[in-house]
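Good morning, and thank you for coming.

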Amino acid sequence: MEQTEILNRCDHTLLRQDATWEQIRQLCDDGVRYGCASVCIPPSFVAQAAQYLAGALPVCTVIGFPNGYCTTAVKCFEAATAVADGAQEIDMVIHLGWVKEGRYDAVQAEIEAIRRVCRGQTLKVIIETCLLTEAEKVRLCQVVTDAGADFIKTSTGFAGGGATLEDVALLAAHVGPGVQVKASGGIAGLQDAAAMLAAGAARLGTSRVVGEVKRKEEGRI
């Protein structure tokens, strides 16, 4: 797979707790330079990044991140604020406790509520695959499909595990029409990224792909 095609599928990501505006600005510059799908950043930087980018690249942000157990009302407020600030893509974390209790109706209702406040912007649903059984992953594919989301996303990267080829293939095989898979967490570089795309991912959440390309350009690898 061509390097450009891989970069086109990347949500160039910086979600560390200590991220600064200068780092976010550099992320935006690199995202534009390398033709990424979006930059994925903390909600507090969305308005500033959207103004800085001025439409050159979509801004993605995270909702209920990283634990997912805040209330639906809080998540809806976060999502509505992010969209008003200029976010074009929303990555929300589901309530994993509800999944473990078998409350899939509540999970679906929450996704649907956030879908409404997104006002047509892209919605990705993070299910945190490293904390789920295979049966739970398969069931969530149906829930995410029925709720009308655009993507099912593997991981936050903050729960001790990230995307695996097996999980990407599993999700790709069980989501309904119109729902795509985003692999995120632990993607080490171009080789990993190409493998995730080959396994069925349509989008990747990573900072390391752009980092590897930059190091190559600078002759550091």
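At 15% relative accessibility, Cys 76 counts as buried. Please keep in mind that this is a predicted model.

How far is the sulfur of Cys 76 from the closest cysteine sulfur? The closest one belongs to Cys 118, and the separation is 8.6 Å, which is too far for a bond. A disulfide requires two cysteine sulfur atoms within 2.5 Å. By this rule, the count of disulfides is zero. Cys 10, for example, is in no disulfide, since the nearest cysteine sulfur, that of Cys 36, lies 5.6 Å away. Cys 10 is also buried, with a relative accessible area of 1%.

Let us turn to the largest pocket. Its volume is about 570 Å³. Two or more lining residues come from each of these elements: strand S1 (10–13), helix H2 (21–33), strand S8 (203–206) and helix H10 (208–217). In total, 25 residues line the pocket, and those nearest its centre are Thr 13, Leu 14, Thr 206, Ser 207 and Arg 208. What is the make-up of this lining? It divides into 13 polar, seven nonpolar and five charged residues.

Finally, I come to the protein as a whole. It has 10 helices and eight strands, and its C-alpha trace spans about 50 × 35 × 30 Å along the principal axes. A compact globule of 221 residues would have a radius of gyration near 17 Å, and the 16 Å found for this protein agrees with that. Of the 221 residues, 52% count as buried. Among contacts between residues at least 6 apart in sequence, 67% join residues at least 24 apart.

Technical notes. Residues are numbered from 1 along each chain as its sequence is written. This is a predicted model: local features need pLDDT of at least 70, side-chain atom pairs count only at pLDDT 80 or more; totals for chains, interfaces and linings use all residues. Side-chain values use heavy atoms; hydrogens and water are left out. Buried means under 20% relative accessible area, exposed over 50%, partly exposed in between (1.4 Å probe, protein chains only). On a 1 Å grid over the protein atoms alone, a cavity is a set of points where a 1.4 Å probe fits but cannot get out, and a pocket is an open set with protein on both sides within 12 Å along at least five of seven lines; lining residues have an atom within 4 Å of a point. Grid points are joined across faces, edges and corners, and a volume is the space filled by probe spheres set on the points. Helices (H or I, at least four residues) and strands (E, at least two) are DSSP runs, numbered from the N terminus. Ala, Val, Leu, Ile, Met, Phe, Trp, Tyr, Cys and Pro count as nonpolar, Asp, Glu, Lys and Arg as charged, and the others, Gly among them, as polar. The radius of gyration is taken over C-alpha atoms; the globule rule is 2.2 Å times the number of residues to the power 0.38. Contact means heavy atoms within 4.5 Å.
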